[in-house]
Amino acid sequence: MNDVLIIGSGLGGLACGTLLAGRGLKVLVLESSNQPGGCMQSFRRGGLHYDTGLHYVGGLAPGQTMHKAFSQLGLMDLPWQRMDEQFDRVIIGGRHFAFSQGYDAFAEGLAKDFPHQREALFGFVHRLQHITAADMEVSAYDYLRQTFSDELLLNVVSAAAMKTELRRESLPLFNFAHTCSSFIESSWRLKGDGNLLVNKLIGSIQQAGGKVLTGSKVVRLTEKDGRIVSAVCADGQTYEAEYFISDIHPATLCRMLEDCPSVRKAFRRRMAAAENTCGMFTAQLSIKPDALPYFAHNVFVYDKPNVWTMTEENEPVKGVMISARMPENDSDSLRQIDLLTPMPWHECEAWADTKVGHRGDDYQSFCRNKAQQCIALAEQYIPQLGELIEQCYTSSPLTYRDYLGSPEGSAFGMRKDCRVPMLSFHSVSTPLPNLLLTGQSIILPGIEGVTMTAFETCSKIA
Ligand SMILES: Cc1cc2nc3c(=O)[nH]c(=O)nc-3n(C[C@H](O)[C@H](O)[C@H](O)COP(=O)(O)OP(=O)(O)OC[C@H]3O[C@@H](n4cnc5c(N)ncnc54)[C@H](O)[C@@H]3O)c2cc1C
């Protein structure tokens, strides 16, 4: 009998496991995949490590948002390296801009390019520091339109938020601000791959007597007298616990609850009907040795001066995020670059019935073309990038669906909508008192959002 059973070993599940095991509870984490970590996992090809969903983290300096949380999780011992003072660069329509670390430096830096918007920029960074739950109902796009009269500046300050979903009608100011704020406080990369973080959390759970079982896909939860009593896995194994935490997509969880009489249909329908955020296409490049100096900043390149093109029709922006991977051998040259661009499900739906490794030549050719488009955009920052590439590995929403069980390959879980905040932001509690939720779909995606949600989830138990 376990005190807590956690479904899914993403950052949310492992953070909850670490916190609760540290408080003396007996924790069991069940992970469907053979590799733990969800979006934090990394893989190895040709002697190099590639990450999935870990490019940079914000707010790790002492006294800042994430420092305390990561200290409690034992993650501040990892080799975090501060990024360049100008941590994010933006290229829009051929013009270059930079985001500086520190709220005042951020506003001051952009005020050099937009002197007529200086007051608006300081108002903006002040607002970022005073975000409350009420901002879940405020439209990020409307707020930005009211704040900046210069259309280009509105697009520049939004450019790096490509890592959430720049959907004009729905994106709440709450999400937009959290996506920007901690990175402006300070921005960090890990010297090493995401498995360092995953292994650190698993080590803490195991040291406290807990267990993480991979290859254990939960398919059903059983209820007795209004409480969940056990989780049944695809291999027939059953595990019992006092509390259950779900770190998986809530719609997937609801399918496991179909036999639980206390979970009303309305709850299940609400979760099943919720919209998901757009997926991501990633081209992971290995670069010829000694061909390109390492750069400790990200670059966001957009062809057109309109980054808010994503509307109800789900057409995401044509832009690319360039993120260099820190060399692990202290070389000045980099070996790897990730290119990321939003990609809606309909672009890969034609291959929805295919499995990893068996998608056919037309899918391979689709991915090559998509990667070429990303490389062409990235060449606005790294001329002749195409000639420096050794290998290119691609992943699409299909990859995220198949490896992580994310519906329609959604990159950031359930979409938050400022027009219906009560329906799109969720409580960590469920109709069953001993079943709790955590992970990126609940309140906020990203490493900060998922970590903070894990603390909220655990506060309901111990
Ligand atoms: C391409 C990309 C780049 C990103 N870059 C950054 C970044 O630079 N900085 C940042 O802050 N954030 C970034 N993010 C976001 C961040 O990685 C995620 O928000 C976060 O890792 C999600 O963690 P999670 O615990 O909610 O879920 P997940 O990581 O999705 O974990 C869920 C786990 O549950 C498992 N599971 C599913 N079904 C079952 C089942 N039935 N039984 C058992 N286990 C199951 C899955 O296999 C998975 O391991 C990025 C995301 C993507 C997609």
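Biologist: Hi! Let's start with α1 and α8: how do they lie relative to each other?
Modeller: In this predicted model, α1 and α8 are roughly parallel to each other. Helix α8 covers residues 194–207, and α1 packs with it at an angle of about 30°, with their axes 8 Å apart. An angle under 35 degrees counts as roughly parallel, so the pair falls in that class.

Biologist: Is the crossing of α1 and α8 left-handed or right-handed?
Modeller: The crossing of those two helices, α1 and α8, is left-handed.

Biologist: And which residues make the contact?
Modeller: From α1 you have Leu 14, Ala 15, Gly 17, Thr 18, Ala 21 and Gly 22. On the α8 side, Val 198, Leu 201, Ile 202, Ser 204 and Ile 205 take part.

Biologist: What is the make-up of that contact by class?
Modeller: The contact of α1 with α8 has seven nonpolar and four polar residues, and no charged ones.

Biologist: What about α1 and α15, at what angle do they pack?
Modeller: The angle between α1 and α15 is about 40°, and their axes are 9 Å apart. That makes α1 oblique to α15. The crossing of α1 and α15 is right-handed.

Biologist: Which residues of α1 and α15 make the contact there?
Modeller: On α1, look for Leu 11, Gly 12, Ala 15, Cys 16, Leu 19 and Leu 20. On α15, the contact is made by Ile 447, Val 450, Thr 451, Thr 453, Ala 454, Thr 457 and Cys 458. By class, the contact of α1 with α15 has nine nonpolar, four polar and no charged residues.

Biologist: New topic, the ligand. Which residues come nearest to the ligand?
Modeller: There are 40 residues around the ligand, and Gly 8, Gly 10, Gly 38, Gly 53 and Gly 439 come nearest.

Biologist: Which element gives the most to the shell around the ligand?
Modeller: That is α15, with four residues. At least two residues of the shell come from each of α1 (11–22), β14 (279–287) and α15 (446–459).

Biologist: How do the residues of the shell around the ligand divide?
Modeller: The shell has 18 nonpolar, 17 polar and five charged residues. Domain 1 and domain 3 each supply at least three residues of the shell.

Biologist: Oh, domains! Which domains does the assignment give for the protein chain?
Modeller: The assignment gives domain 1 (2–45 + 57–79 + 192–275 + 419–459), domain 2 (103–183) and domain 3 (278–411).

Biologist: Where do the C-alpha centres of domain 1 and domain 3 lie, how many Å apart?
Modeller: Those centres of domain 1 and domain 3 lie 27 Å apart. The contact takes ten residues from domain 1 and seven residues from domain 3. On the side of domain 1 that touches domain 3, there are three nonpolar, six polar and one charged residues.

Biologist: One last pair. At what angle do α3 and α4 pack?
Modeller: Helix α3 (residues 103–113) and helix α4 (residues 118–128) pack at about 155°, with axes 9 Å apart. An angle over 145 degrees counts as roughly antiparallel, and α3 and α4 are therefore roughly antiparallel to each other. Here α3 passes α4 in a right-handed crossing.

Biologist: And which residues of α3 and α4 make the contact?
Modeller: Tyr 103, Phe 106, Ala 107, Leu 110 and Ala 111 come from α3, while Arg 118, Leu 121, Phe 122 and Val 125 come from α4. The contact of α3 with α4 has eight nonpolar, no polar and one charged residues.

How values were computed:
Residues are numbered from 1 along each chain as its sequence is written. This is a predicted model: local features need pLDDT of at least 70, side-chain atom pairs count only at pLDDT 80 or more; totals for chains, interfaces and linings use all residues. A residue is near a molecule or strand if its C-beta atom, placed from the backbone, lies within 6 Å of it. Ala, Val, Leu, Ile, Met, Phe, Trp, Tyr, Cys and Pro count as nonpolar, Asp, Glu, Lys and Arg as charged, and the others, Gly among them, as polar. Domain bounds come from an automatic or database domain assignment. Axes are lines fitted to C-alpha atoms, for helices over the stretch in contact, and angles run from 0 to 180 degrees between N-to-C directions. Angles under 35 degrees count as roughly parallel, over 145 as roughly antiparallel, 65 to 115 as roughly perpendicular and the rest as oblique. A crossing is left-handed if the near helix is turned anticlockwise from the far one by less than a right angle, and right-handed if clockwise. Two residues are in contact if their C-beta atoms, placed from the backbone, lie within 7 Å.
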